[in-house]
Amino acid sequence: MTLNAATFKFCARCGTPRGATAAPGASAPKSAAAPAKSAPPPKPPAPVRPAAPARPVPPPPPKPVTGQSRPPPAPPKPAAPVRPRARVSAIARDGSRSADFVLVKDETRVGRDVEPTEVKLDKDPFIAPVHAVFRFEGPQLVVQDSGTANGVFLWLKERTLESGDELRIGRQRLRIEWMPDEPEQLADQPVWGSPNPGYVARVVQILEGGGEGDVYPLKPGENLVGRGTGDVSFPNDGYVSSKHASITVGEGSLAVKDLGSANGTFVRVNGQAAVTAGDLLLVGEQILRIDPA
């Protein structure tokens, strides 16, 4: 029985290659050839430590967009509007309003060299650099003269006077005062002169530059001031009405009353005076009217 198939290359019994002649005396191998050593099994992989968690990476900044800019910051809120407290209007000779000044602060100056936000009257040579001050004392508005040579005059209808008070009537500036005491008699005989009808007060005209002009004596009772007639008359002053005002001399008292004149009668403010809406002030050659806010 044949053990070797036709396709075997070695003998199944002796291991001799088929087709080769065995050497004489050679004996069959005792055993089959030892199989080739196999490779050692691979070592198991070393344990891998888990990696520490990575820190989060901040997101990249946004890319600029071409043609666009950062929006501008919001504008600041506008301040609350300042509420006017009173108005001062400059009145022209024809009665029209030539300028308007708003009083918002506690104090507002009047003059040639004040701020534009104040009552600036820089075209009148008879107004001082700082002529007067408007001031609020609570809700009451007062005007204070700054001690100027030409003063501040307040429009009146009727009021009492003190000796030495000044009036503005038309183009006239007048000082009202008591008659001076008679001089002491030095001679044995009396001084001869015109009979004294009992004058006790007088009106002294103040000229431009500060000099004194005419003097008008005042009798007890009512004395008329006018342009054509009266006890005190100024026929060449077109701003004086024919019957402009009256000055009353009483027992130790003086008073003045406007008689409805066209241009009014004004008395000089001594220190300060309270003013209200509708009052008129004469500052230099300017008429100022107090108006409500």
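These are my notebook entries on a predicted model of one protein chain.

**Ground rules.** I number residues from 1 along the chain as its sequence is written, and I leave out hydrogens and water, taking heavy atoms for side-chain values. Since this is a predicted model, local features need pLDDT of at least 70 and side-chain atom pairs count only at pLDDT 80 or more, while totals for chains, interfaces and linings use all residues.

**Entry 1, the whole chain.** I looked up the secondary structure and found zero helices and 20 strands. Helices (H or I, at least four residues) and strands (E, at least two) are DSSP runs, numbered from the N terminus. The chain has 293 residues, and 30% of them are buried. Buried means under 20% relative accessible area, exposed means over 50%, and partly exposed is in between (1.4 Å probe, protein chains only). I then looked at contacts (heavy atoms within 4.5 Å). Among those between residues at least 6 apart in sequence, 46% join residues at least 24 apart.

I looked for nonpolar cores, meaning sets of buried Ala, Val, Leu, Ile, Met, Phe, Trp, Tyr and Cys residues joined through side-chain atoms within 4.5 Å. The largest has 23 residues, and Leu103, Phe134, Leu141 and Leu281 have the most contacts inside it. Strands that each supply at least two residues of this core include β1, β2 (97–103), β5 (132–137) and β6 (140–145). Another core, of 20 residues, lies apart from it and has Ala201, Ala245, Ile247 and Val256 among its members. In soluble globular proteins, nonpolar side chains tend to be buried together.

Leaving out residues up to four places away in sequence, its contacts include Leu103, Phe134, Ala273 and Ile290.

I found Arg173 in strand β10 (residues 172–178). Is Arg173 buried or exposed? It counts as buried, because its relative accessibility is 18%. Its side chain reaches the backbone oxygen of Ala149 at 3.0 Å. It also makes a polar contact with the side chain of Asn150 (3.5 Å). A polar contact is a pair of N or O atoms within 3.5 Å; within protein, one must be able to donate a hydrogen and the other to accept it, and residues adjacent in sequence count only if both atoms are side-chain atoms. Beyond its neighbours within four places in sequence, the contacts of Arg173 include Phe153, Glu166, Val204 and Arg268.

A salt bridge is a side-chain nitrogen of Lys or Arg within 4 Å of a carboxyl oxygen of Asp or Glu. How many salt bridges are there by this rule? I noted 15. Side chains of opposite charge can pair when their charged atoms come close.

Arg173 belongs to a network of salt bridges with Asp145, Glu166 and Arg268.

- Arg135 and Glu137 meet at 3.3 Å, N to O; Arg135 is buried at 16%, whereas Glu137 is partly exposed at 41%.
- Arg175 and Glu177 meet at 3.0 Å, N to O, and both residues are buried.
- Lys219 and Asp231 meet at 3.1 Å, N to O. They lie 12 residues apart, with Lys219 in the loop between β12 (212–218) and β13 (221–226) and Asp231 in the loop between β13 and β14 (232–233). Lys219 is partly exposed at 32%, and Asp231 is partly exposed at 36%.

Gly111 lies in strand β3 (residues 107–111) and is buried, with a relative accessible area of 0%. Gly111 and His131 are 20 residues apart in sequence and 4.8 Å apart in space, C-alpha to C-alpha.

Leu161 lies in strand β8 (residues 158–161) and is buried at 6%. From Leu161 to Ser253 I noted 92 residues in sequence and 7.5 Å in space, C-alpha to C-alpha. Among the residues that Leu161 touches, not counting those up to four places away in sequence, are Ile176, Leu254 and Val267.
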